[in-house]
Amino acid sequence: MFSKFFNFLKRLDKYLLAASVLLVAVGLLMIYSTTFSDPVKSGLFARQLFFFIAGLGFLIIASGFDYRFLRRAAGTFYVFAVLLLVAVLFFGMNISGSRRWFSLGFFQMQPVELAKLALIVFLAAYFQKKLPEIRRFRTVLWSAVIVAIPVALTLAEPDLGSAMVLGFIWLGMFLAAGVSKKHLAILLLVFLATSAFSWAYILKDYQKDRIYSFLEPTADPQGRGYNALQAITAVGSGGLFGRGFARGVVSGLRFLPERQTDFIFASLAEELGFLGASFLLLLLSVWFLRIIKVIKNSRENYGFFLSVGIFSYFFFQTSINIAMNIGILPITGVPLPLISYGGSSLLTSLISVGLLQSIVAHGQPVRFR
């Protein structure tokens with residue numbers, strides 16, 4: 001039994017696993033650094049550590065599970081996630097006018113994190129099945145409908161950042177399927193029209209303020225531009241070596257809001273400086289390169305689309321988070337995968353890494369001795 005387990009471990013991508021664990025470790029250090037002196041948030045480190053340990057268990061289970069069986073349950077998984085997104089609008093916690101979480105005791109579940117993975121699993125099955133018909137506009141249109149449902153429900157919470165990530169997941173898988181330029185242009189026009197409609201009738205005032213503050217953050221430095229300016233200040237004040245671990249001024253004195261979630265990169269840059277931020281970016285680059293290797297080595301279409309979807313999820317969410325921390329994108333409130341505080345996000349990310357490992361392990365030929 002143990003020999004089979006160790007043989008299975010040898011088939012995993014150790015660099016992907018090591019990079020994932022190191023990213024979580026960096027996150028844990030920064031969560032401790034930014035919350036240990038805050039009596040309200042001092043327990044977040046212990047909670048995140050608990051979710052990490054639980055997530056490792058899920059990662060191992062997902063690694064040992066043959067990912068190809070997900071195709072059979074893809075539709076059920078997708079419908080379940082959509083129902084959760086509907087339910088949270090009626091029964092979720094109302095925090096600052098948003099309904100994004102279910103309260104489950106000491107754990108607050110965010111359904112949209114599960115919906116990201118469910119969308120990837122379902123779209124992978126859809127694109128694999130419809131790949132011979134990918135040049136037909138009807139096939140393309142149905143894929144857009146599949147993503148539009150969770151996007152609309154997420155916007156209703158409202159959660160613009162997560163809705164963008166869902167859209168980018170679909171875009172990455174959509175492009176990987178090899179769609180025609182004509183269909184891509186048509187959908188781009190539809191997107192522009194939908195964006196204009198959303199701006200006029202769907203987006204909340206505070207979401208519009210985030211875009212205004214991005215375009216001109218100094219216009220209202222104590223109001224709508226405050227968060228963006230504090231994040232940029234934190235990043236810039238770190239210098240080459242940083243102020244030192246747990247010695248951040250902007251983050252430590254709580255000038256920077258959500259320093260352990262949305263703005264954890266700015267907190268790290270202030271405390272560990274350019275070198276610390278560069279190390280994190282290097283670690284993320286290694287992580288993404290290993291995922292790209294999984295994509296290239298996928299032996300069948302479902303594994304290919306599943307790994308492309310997971311890569312799109314991680315890459316776009318990471319890019320959005322870091323870009324908003326350094327002031328080149330509006331603040332949208334998406335976590336940095338594996339690093340930001342959040343049980344739902346961490347568990348979903350680790351399960352996704354487990355599925356990548358399953359693609360690696362079960363995609364290798366079996367050798368008989």
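The model is predicted, and local features are reported for pLDDT of at least 70, side-chain atom pairs only at pLDDT 80 or more, while totals for chains, interfaces and linings use all residues. Residues are numbered from 1 along each chain as its sequence is written, and side-chain values use heavy atoms, with hydrogens and water left out.

## Overall organisation

The chain contains 13 helices and three strands, where helices (H or I, at least four residues) and strands (E, at least two) are DSSP runs numbered from the N terminus. Of its 369 residues, 50% count as buried; here buried means under 20% relative accessible area, exposed means over 50%, and partly exposed lies in between, with a 1.4 Å probe and protein chains only. The accessible surface of the chain comes to about 17,800 Å², of which carbon and sulfur atoms supply 68%, as computed by the Shrake-Rupley method with a 1.4 Å probe. Among the contacts (heavy atoms within 4.5 Å) with a separation of 6 or more, 73% are between residues 24 or more positions apart.

## Nonpolar cores

In soluble globular proteins, nonpolar side chains tend to be buried together. A nonpolar core is taken as a set of buried Ala, Val, Leu, Ile, Met, Phe, Trp, Tyr and Cys residues joined through side-chain atoms within 4.5 Å. The largest such core in this chain has 91 residues, and those with the most contacts inside it are Phe127, Leu280, Trp287 and Leu306. Helix H11, which spans residues 264-296, gives the most to this core, with 13 residues. Leaving aside residues up to four places away in sequence, Leu280 touches Leu23, Val26, Phe265, Leu268, Leu336 and Ile339. Another core, of six residues, lies apart from the largest one and includes Ala231, Ala266, Met324 and Ile331.

## The cavity

A search of the whole structure finds one cavity of 30 Å³ or more, and the largest cavity has a volume of about 30 Å³. On a 1 Å grid over the protein atoms alone, a cavity is a set of points where a 1.4 Å probe fits but cannot get out, and lining residues have an atom within 4 Å of a point; grid points are joined across faces, edges and corners, and the volume is the space filled by probe spheres set on the points. The lining of the largest cavity is formed by Tyr78, Ala81, Val82, Leu85, Ala115, Ala118, Leu119 and Pro150. Helix H4 (70-91) and helix H5 (111-130) are the elements that give two or more residues to this lining, and H4 gives the most, with four residues.

## Individual residues

| Residue | Relative accessible area | Class |
|---|---|---|
| Gln48 | 1% | buried |
| Ala152 | 47% | partly exposed |
| Leu338 | 2% | buried |
| Ser352 | 0% | buried |
| Lys129 | 66% | exposed |

Beyond residues up to four places away in sequence, Gln48 touches Leu28, Ile31, Ser340, Tyr341, Gly342, Gly343 and Leu346.

Ser352 is in helix H13 and, with the exclusion of residues up to four places away in sequence, touches Leu117, Ile310, Tyr313 and Phe314. Ala152 is found in helix H6 (residues 137-155), and its C-alpha atom is separated by 7.7 Å from that of Ala163, 11 residues apart along the chain.

## Backbone geometry

Most residues other than glycine have a negative phi, and most peptide bonds are trans. Leu338, although not a glycine, has a positive phi of about 70°, and this residue lies in the loop between helix H12 (301-325) and helix H13 (343-362). Glu157 and Pro158 are joined by a cis peptide bond with omega of about 0°, and Pro158 lies in the loop between H6 and helix H7 (160-176).

Technical notes:
On a 1 Å grid over the protein atoms alone, a cavity is a set of points where a 1.4 Å probe fits but cannot get out, and a pocket is an open set with protein on both sides within 12 Å along at least five of seven lines; lining residues have an atom within 4 Å of a point.
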